[in-house]
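This report describes a single protein model for a reader who is new to structural terms. Please keep the sequence and the structure in view while reading.

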Amino acid sequence: MDQRWDDAMTLALDMAANSPCPDPNPRVGCVLLAEGRVIGQGWHRGAGTPHAEVEALRQAGDEARGATAVVTLEPCNHIGRTGPCSHALRDAGIARVVIAQSDPNPVASGGEQSLRSHGVEVVTGVRCEEATALNADWTFSQIHRRPRVCWKYAASLDGRSAAPDGTSQWITGEEARYQVQLGRARCGAIVVGTGTALADDPRLTVRLPGVTRQPLRVVVGLRGLPADCHLSDNSSPTLHIASHDPAEVLDLLWHRGVHRVWLEGGPRLAGAFLAADLVDEVIAHMAPMMLGGGRAAVVDPTVTTLSQAHHFVIDDVTQLGPDIQIHAHHE
């Protein structure tokens, strides 16, 4: 592999990391090379804005003819809110396109084939793992046609999310709650059930400095919400889905461009997602206390014996102040 392509891909990946996350669109960076010199570069700034390739072509101008385009994701080949990047590259006279990750989206893919059919040399798989990791949730959602679901819960060492009298604020400390804010910020939607919404009156917002884009707040269940609750304010959009079907919830969110769901619902909603085999990750915050009774962290009536348990693989265990954070993924 040409070292210049590798160096340019490093720059393209760095620029792609500037793209917003979460966003309906993937994070993409593009660098244009002519005789080993960078003549244009760009990154995608979010849905509805010019794609990375178009930004780079604008910088390069006429110098783009005969140049090499180094792109973190296969150039799109469909007309959405913007035109096909594969057409823009070939029309500008680009001679070679170096691609990190192939596009898993069947609607937008085909750029590689289109470029080849018009005489453009295409090189694929350069730094593919890094590019895929940059868009892990987006890639998952394109393959599975639904958002990735991360269930977050807080519990005592004996697995209780609330004391016998219903009190639960706060089981965990400030460090764990800060990690929850970081986790919310990565997601396109935060999902709770009507039971949690009515009992806790949560805000479900990201309260971190500099955050301007709030996740969609989603309430699942048949009961309505009072007009004066926090979820009825204007701090973030709220969607009420009158359903108990997790697959229906995820389908609706998928069609709204959500790629990662942060599940904060109570034990019954979490149990419904587990029973439907729709929990992909778990982030468990365990507090060093014993409650001896009260609300269990999850209720799943489909598990009646050990052989029916849901199995996960632990990725990381971290101490957060007095608490423990366990991060696991579905087997």
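## Terms and basis

Helices (H or I, at least four residues) and strands (E, at least two) are DSSP runs, numbered from the N terminus. The model is predicted: local features need pLDDT of at least 70, side-chain atom pairs count only at pLDDT 80 or more, and totals for chains, interfaces and linings use all residues. Residues are numbered from 1 along each chain as its sequence is written, and side-chain values use heavy atoms, with hydrogens and water left out.

## Helix 2 and its surroundings

Helix 2 spans residues 52-60, and its buried residues (under 20% relative accessible area, 1.4 Å probe, protein chains only; exposed is over 50%, partly exposed in between) are Ala52, Glu53, Glu55, Ala56, Leu57 and Ala60. These buried residues pack against strand 1 (29-34), strand 2 (37-43), strand 3 (68-73) and helix 3 (85-91), where contact means heavy atoms within 4.5 Å. After helix 2 comes Gly61, with a positive phi near 60°.

The protein is divided into domain 1 (5-139) and domain 2 (145-330), with bounds that come from an automatic or database domain assignment. Their centres, taken over C-alpha atoms, are 36 Å apart. Domain 1 and domain 2 each give 10 residues to the contact.

The size of an interface is often given as the accessible area lost when the parts come together. Here the two domains bury about 830 Å² between them, 43% of it on carbon and sulfur atoms; buried area is the accessible area (1.4 Å probe) lost by two parts on being put together, summed over both. Pro22, Pro24 and Asp137 supply 63% of the area that domain 1 buries against domain 2, more than any other three residues.

How many salt bridges are there between domain 1 and domain 2? The count is 4, a salt bridge being a side-chain nitrogen of Lys or Arg within 4 Å of a carboxyl oxygen of Asp or Glu. Asp137 also forms a salt bridge with Arg260, in which the closest N and O atoms are 3.0 Å apart.

## Backbone features in loops

Pro22 lies in the loop between helix 1 (3-16) and strand 1, and the peptide bond from Cys21 to Pro22 is cis, with omega near 10°.

Arg127, in the loop between strand 5 (121-123) and helix 5 (128-134), is a non-glycine residue with a positive phi, near 60°. Leu204 also is not a glycine and has a positive phi of about 55°. Leu204 sits in the loop between helix 8 (194-200) and strand 8 (216-220) and is buried, with a relative accessible area of 2%.
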